[in-house]
Amino acid sequence: MANNIIDAFNEYFEMVPAISDELKHEVYKLRYQVFCIENEVFNSEHYPDDLEFDDYDRRSVHYLIRHRKSGEYAATTRLILPAANNPEKLFPLELHCEIDNFAVLQPINRKHLGEVSRFGVSKAFKKRKNEAHTLAVIASDQQDHFTLAERRTFSYIALALMACHIKACYENDIHYLYAGAELSLLRFVSALGIHFTRIGPLADFHGKRWPSVIKITDLLDGVAEKNLDIWNLLTNKGCYLQAGSIVEKQNHLFGTIRKL
């Protein structure tokens, strides 16, 4: 039995970048299930092919979380990237939320800004029944065909989706993240040391959400101070560190000392 989060998660699940048309089809199919059927965020009648997608998918990086034993896809998310030829093109959050904290946004280069989007988990892979309609895995239903050890790892799925975003940011030179966050999710990540800055009032953005932003290095440094086990999952044991993070600086300093 694995005694750390990353090994326990990897024993039962894998993070899959959806780079092929076939995998993107699985993304849209799972999104339809989660957002149209299970949570009714969107009207299913608007998606007659049982696939939920929009124009932002063309400028997004997509991920799936796959359950190894069954082959089922448990969760999905996307990172919306800045428009390649027009970084000033608005993100969904900017179109649907009022933003008034301009002082926080002013120093951000929009070429390095992305948006967390379609962060969803299949109801079958959640833990507590009273949270079956929560999009993030803070909990959910259990299925008889999952072992107790497997069910214990369900709470890591939300962390794995965050890890997908960290990897996508690292690979696409994204330094800041927009997120339209439910209060329950803000509380969940705050307990991990992740502190989003609210940039506007509560908005009706696929439900009641706070428009927020965070710097990737601040996110990872906050987690590192709280729990290195979770930090290892988010960064794949330090593989996806951006320049400027405390841990990256410490690693650089340690490497310099070793050379002396």
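Reader: What share of the residues in the protein is buried, and what does the word stand for?

Author: Buried means under 20% relative accessible area, exposed means over 50%, and partly exposed lies in between, with a 1.4 Å probe and protein chains only. In this protein, buried residues make up 51% of the 260 residues. This is a predicted model, in which local features need pLDDT of at least 70 and side-chain atom pairs count only at pLDDT 80 or more, while totals for chains, interfaces and linings use all residues. Residues are numbered from 1 along each chain as its sequence is written, and side-chain values use heavy atoms, with hydrogens and water left out.

Reader: How many helices and strands does the secondary structure come to?

Author: Helices (H or I, at least four residues) and strands (E, at least two) are DSSP runs, numbered from the N terminus. Here the secondary structure comes to 10 helices and 8 strands.

Reader: At what angle do the axes of helix α6 and helix α9 cross?

Author: Axes are lines fitted to C-alpha atoms, for helices over the stretch in contact, and the angles run from 0 to 180 degrees between N-to-C directions. For α6 (residues 157-172) and α9 (residues 228-235), the axes come within 7 Å and cross at roughly 50 degrees. Angles under 35 degrees count as roughly parallel, over 145 as roughly antiparallel, 65 to 115 as roughly perpendicular and the rest as oblique, and α6 and α9 are therefore oblique to each other.

Reader: Which residues make the contact of α6 with α9?

Author: Contact means heavy atoms within 4.5 Å. On the α6 side the contact is made by Leu-159, Ala-160, Met-162, Ala-163 and Ile-166, and on the α9 side by Ile-230, Leu-233 and Leu-234. For classes, Ala, Val, Leu, Ile, Met, Phe, Trp, Tyr, Cys and Pro count as nonpolar, Asp, Glu, Lys and Arg as charged, and the others, Gly among them, as polar. By class, this contact has 8 nonpolar, no polar and no charged residues.

Reader: How do helix α8 and α9 pack?

Author: Helix α8 (residues 216-226) packs with α9 at an angle of about 145 degrees, and their axes are 6 Å apart. Among the residues in contact are Leu-219 and Lys-226 of α8, and Trp-231 and Thr-235 of α9. By class, this contact has 8 nonpolar, 1 polar and 1 charged residues.

Reader: How many aromatic pairs does a search of the whole structure find?

Author: Rings of Phe, Tyr and Trp (its six-membered ring) pair if their centres lie within 6.5 Å, and planes under 30 degrees apart count as stacked, over 60 as edge-to-face and the rest as tilted. The search finds 11 aromatic pairs. One of them is tilted, formed by Tyr-28 and Phe-53 at 5.5 Å centre to centre with 40 degrees between the planes. This pair links distant parts of the chain, since Tyr-28 is in helix α2 (residues 21-38) and Phe-53 is in the loop between α2 and β2 (60-67), 25 residues apart. Tyr-28 counts as buried because its relative accessibility is 16%, whereas Phe-53, at 46%, counts as partly exposed. Phe-146 and Phe-154 form an edge-to-face pair, 5.0 Å centre to centre and with 90 degrees between the planes, and both residues are buried. Ring pairs also link Phe-146 and Phe-154 with Phe-9, Phe-13 and Phe-125 into a cluster.

Reader: Over which ring does the charged end of Arg-198 sit?

Author: A charge sits over a ring if NZ of Lys or CZ of Arg is within 6 Å of the ring centre and within 35 degrees of the ring normal. The charged end of Arg-198 sits over the ring of Trp-210, 4.1 Å from its centre, and that of Arg-59 sits over the ring of Phe-91, 5.0 Å from its centre.
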